[in-house]
Amino acid sequence: MPEQNPRDQYSTWVGLVYIFNLIVGTGALTLPAVFSRAGWVLGLCIILVLAFISFITVTFVVETMASANAIATWRRMQHRKRMLRSIGESGPSNSDSEDTPLVATVPTTPERNEASYRYYVIHEKIEMGEMAGIFFDKMGTTLFYLCLAMYLYGDLSIYGAAVAKSIADVACTYQPTNLTCNETIPDTEKCWEYSPLNRLDAYRISLTVFVLSLGSFVFFDVQKTKYLQMLTSVMRWLAFNIMIIYATKKLIVDGPQGKPVPVNVSGIPGLFGACVYSFMCHHSLPALIAPISNKSKINRFLALDYLTIAFFYLLLALTGAFAFEHLEDLYTLQFGPRESGDCSKSNNFFIVTIEYFLALFPVFTLSTNFPIIAITLRNNLQSLFLDSDTTYNICLRKIIFPVLAVLPPYLIAMVTKDLSILVGITGSYAGAGIQYLFPTFLVYYARRKTNKVIGLGVTNKFASPFKGNSWLLFVIFWSIASMILVSVNFIEVHLTSSWREP
């Protein structure tokens with residue numbers, strides 16, 4: 001079996017930092033607003049519950065990764081046996097079929113341990129799409145790629161809207177005299193005092209420039225992003241800690257300005273979608289876990305990671321919900337340079353620098369991820385619609401699919417810049433499929449296939465602690481019930497309110 005290059009490996013703690021940085025991103029910036037709308041008691045419960053369920057399905061992905069490696073090893077051994085037999089160096093073998101286990105159904109303890117450590121390993125990086133191809137039929141694989149493409153489309157739409165909204169908010173300096181700093185400036189207000197452009201125009205111009213400049217990378221392959229990712233991680237940690245410290249200081253000095261209710265059921269759709277989006281790492285997990293040098297206690301470390309992230313989210317959401325009377329749907333806009341928390345402009349150069357840094361934080365961080373996500377979407381679209389064994393016109397691969405990857409998100413972000421809606425829909429539907437349903441079905445079919453091929457007596461040492469079928473049923477029923485609840489509430493809150501408007 002091909003081993004990971006030792007130079008590409010890193011320690012468990014480094015791997016967990018990478019996973020933490022992957023999870024804590026744009027979704028976390030939308031949490032304070034939707035948390036406040038749903039109520040602080042309901043928000044606290046939903047964040048903890050969704051963190052736990054997300055961790056369950058993460059362990060399903062880890063187990064499936066080990067099972068996929070075991071199947072890949074088994075297939076290589078069968079190929080080697082056929083090759084040896086074809087040149088007369090091996091006698092007849094009846095183990096070429098997947099109906100015949102590689103080892104005895106009930107092996108002895110030494111055989112069981114040897115088989116476990118030989119086959120159930122995570123040395124190869126097998127992506128979720130590849131795992132779907134191993135354990136699903138053609139229809140299941142197609143459904144997975146469709147769901148992943150929908151999620152990535154939503155991801156890119158959120159990135160584009162967040163960046164353009166941040167740029168426009170900083171660039172537009174005109175503030176109406178009839179509005180206080182706690183009120184959101186309408187899109188119809190002009191951007192600059194002596195300019196015919198309004199704030200919506202500035203947003204759409206910013207979005208167009210952003211997509212044209214960074215979306216062009218989708219026509220190529222971006223590599224060597226290690227240092228960009230390290231810089232992004234440092235900026236992310238700095239920004240989130242500044243926001244938490246600032247909100248905490250405001251609470252201590254000014255007292256609670258926000259008064260969120262304990263429970264508001266109508267806020268569930270936005271909060272559910274934001275939480276699912278905020279705990280998402282499943283589609284990128286294989287690339288982060290495979291290079292970890294010591295994976296013997298990976299599930300325990302992942303549990304620590306999720307516990308830390310849940311605490312971090314609660315700290316961010318609670319301080320924001322109680323510190324500010326009004327919350328922007330993108331939390332960084334709360335700290336804009338035109339106004340500080342006490343509604344007065346600061347003349348302190350350091351404070352102004354911090355305000356500009358926080359307001360433009362999505363621009364700095366999301367700009368490095370946008371080309372990578374777009375290229376990932378392009379590759380998934382090609383896997384979905386093209387046959388790898390067929391040669392296609394270069395125009396199809398080099399122009400059509402790159403354009404299909406960036407044009408729909410651009411159009412979606414042009415139509416709406418409401419991040420709560422974008423995050424809610426992306427997380428509640430496509431995100432729930434990638435985070436809940438597909439990991440559950442993958443681990444179910446992986447267990448069936450490995451039991452048939454590898455043998456019932458061989459233990460998968462990366463098996464999820466949530467082994468029983470009751471856990472699988474729980475996740476499936478939870479996902480379906482949650483999506484139904486979100487759909488009903490979404491229709492009631494958004495459509496009904498628009499019908500009642502005069």
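**Exercise 1. Classify the exposure of Phe474 and of its ring partner Trp471, then the geometry of the pair.**

Solution. 
- Start with Phe474. In this predicted model, its relative accessibility is 35%. Buried means under 20% and exposed over 50%, so Phe474 counts as partly exposed.
- Take Trp471 next. Its relative accessibility is 29%, so Trp471 also counts as partly exposed.
- Now the rings. The centres of Trp471 and Phe474 lie 6.2 Å apart, and the planes meet at 85 degrees. Centres within 6.5 Å make a pair, and planes over 60 degrees apart make it edge-to-face. The pair is therefore edge-to-face.
- Widen the view. Trp471 and Phe474 belong to one aromatic cluster, together with Phe52, Phe55, Phe279, Tyr306, Tyr313 and Phe466.

**Exercise 2. Work out the geometry of the Phe144 and Tyr145 pair, and state whether each residue is buried or exposed.**

Solution. 
- A search of the whole structure gives 29 aromatic pairs. One of them joins Phe144 and Tyr145.
- The distance is 5.7 Å centre to centre, with 70 degrees between the planes. The pair is edge-to-face.
- Phe144 has a relative accessible area of 0%, so Phe144 is buried.
- Tyr145 stands at 13%, so Tyr145 counts as buried.

**Exercise 3. Find the lysines placed over the rings of Tyr174 and Tyr203.**

Solution. 
- Over the face of Tyr174 lies Lys190, 5.0 Å from the ring centre.
- Over the ring of Tyr203 sits the charged end of Lys417, at 5.3 Å from its centre.

**Exercise 4. Describe the linings of the two largest cavities.**

Solution. 
- Count first. There are 2 cavities of 30 Å³ or more.
- Assign it to elements. Helix H1 (12-23) and helix H8 (226-254) each contribute at least two residues. H8 has the largest share, 4 residues.
- Turn to the second largest cavity, also given as about 40 Å³. Gly25, Thr26, Leu29, Arg236, Phe361, Thr365 and Leu366 line it.
- Helix H2 (26-38) and helix H13 (361-385) each give two or more of these residues. H13 gives the most, 3 residues.
- By class, this second lining has 3 nonpolar, 3 polar and 1 charged residues.

Terms used. Residues are numbered from 1 along each chain as its sequence is written. This is a predicted model: local features need pLDDT of at least 70, side-chain atom pairs count only at pLDDT 80 or more; totals for chains, interfaces and linings use all residues. Side-chain values use heavy atoms; hydrogens and water are left out. On a 1 Å grid over the protein atoms alone, a cavity is a set of points where a 1.4 Å probe fits but cannot get out, and a pocket is an open set with protein on both sides within 12 Å along at least five of seven lines; lining residues have an atom within 4 Å of a point. Grid points are joined across faces, edges and corners, and a volume is the space filled by probe spheres set on the points. Ala, Val, Leu, Ile, Met, Phe, Trp, Tyr, Cys and Pro count as nonpolar, Asp, Glu, Lys and Arg as charged, and the others, Gly among them, as polar. Rings of Phe, Tyr and Trp (its six-membered ring) pair if their centres lie within 6.5 Å; planes under 30 degrees apart count as stacked, over 60 as edge-to-face and the rest as tilted. Buried means under 20% relative accessible area, exposed over 50%, partly exposed in between (1.4 Å probe, protein chains only). A charge sits over a ring if NZ of Lys or CZ of Arg is within 6 Å of the ring centre and within 35 degrees of the ring normal.
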